Amino acid sequence: KLPTYKIDISYNGTNFHGFQQQPKNRTIQGEILEVLDRLLDNYELNYSGRTDSGVHAKSQIISVRSQNELNTKFVHSFNSLITDEIRMNKLSKVKDEFNPRFDAKSRVYRYFILNNSKELPFSKDYVYYIEKYFELEQLNNISKIFLGEKNFQNFSKLRTNQTPLRKILLSKWSVQNSKFIYTIEGNSFLHNMVRSIVGCQLAVIDGKISIKDLKKSLLNPNDTRHRFMVPSSGLHLWKIKY
């Protein structure tokens, strides 16, 4: 059996069609494989999960099995060859059976909303800019309804035979300078789910949907998806917990 390494990477997802490799589009996985092909003789790559087009990661976990010894020199080589939109932060040798996806206990995402246009030139790729101030208490009253095990069918584009049930451990807003930050932690997430959850919360504030309607759809989903979705620029995969 080849030794297994757990690797922490971060990336700016702005100019990528998501994480997962695609034949014709630029992806995070595609760029990583290109560099690994140059550095390693033979290897096997796994990852904790996909991120959608335009989504960033502060900490995404991948694993590499290889007969080559991977160390800090390897990290430097990797970072010098790959685009500066992707960084390998650290690696450690782990037990052979480690699987970044199935061993993950939970995943944490953060969504950033900016309401100060002066900061926009420096952070537009990482935030969703809205020219208005929110009441933190109001946001947190809405965010509470997502806690626990709920049915997120109306908040996602489900893949065939995929269960819409997900368990949410944390759903909370905070404020930092001129940014409103939404933090959500769950066992796993569906395609577009976090962006839909944030979009629906903002829609409640704008009076486009009621908390009652959202609660109802989390218990007994109907056939139509909620149409409120925030841009991917503000979404960051923050941490994978093992």
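This is a predicted model: local features need pLDDT of at least 70, side-chain atom pairs count only at pLDDT 80 or more; totals for chains, interfaces and linings use all residues.
1. First, a term: on a 1 Å grid over the protein atoms alone, a pocket is an open set of points where a 1.4 Å probe fits, with protein on both sides within 12 Å along at least five of seven lines, and its lining residues have an atom within 4 Å of a point. Numbering runs from 1 along each chain as its sequence is written, and side-chain values use heavy atoms, with hydrogens and water left out.

2. The second largest pocket comes to about 190 Å³, a volume being the space filled by probe spheres set on grid points joined across faces, edges and corners. Around it sit Lys 6, Ile 7, Asp 8, Ser 59, Ile 61, Lys 90, Leu 91, Ser 92, Lys 239, Ile 240 and Tyr 242. At least two lining residues come from each of β1 (4-11), β3 (56-66), β4 (86-94) and β10; strands (E, at least two residues) and helices (H or I, at least four) are DSSP runs numbered from the N terminus.

3. That lining splits into five nonpolar, two polar and four charged residues. Here Ala, Val, Leu, Ile, Met, Phe, Trp, Tyr, Cys and Pro are nonpolar, Asp, Glu, Lys and Arg charged, and the others, Gly among them, polar.

4. Now the largest pocket, at about 630 Å³. It has 26 lining residues, with Gly 49, Arg 50, Arg 159, Ser 188 and Phe 189 nearest its centre. Two or more of the lining residues come from each of β5 (106-114), α5 (193-205) and β10 (235-241). The class count is eleven nonpolar, eight polar and seven charged.

5. On to helix packing: α1 (residues 28-39) meets α2 (residues 72-81) at about 125°, axes 10 Å apart. Axes are lines fitted to C-alpha atoms over the stretch in contact, and angles run from 0 to 180 degrees between N-to-C directions. In contact (heavy atoms within 4.5 Å) are Ile 32, Val 35, Leu 36, Arg 38 and Leu 39 of α1 with Phe 74, Ser 77, Phe 78 and Leu 81 of α2.

6. Helix α4 (residues 136-143) packs on α5 at about 125°, axes 10 Å apart, and the two are therefore oblique. Gln 138, Leu 139, Ile 142 and Ser 143 of α4 touch Gln 201, Val 204 and Ile 205 of α5: four nonpolar, three polar, no charged.

Conventions. Angles under 35 degrees count as roughly parallel, over 145 as roughly antiparallel, 65 to 115 as roughly perpendicular and the rest as oblique.
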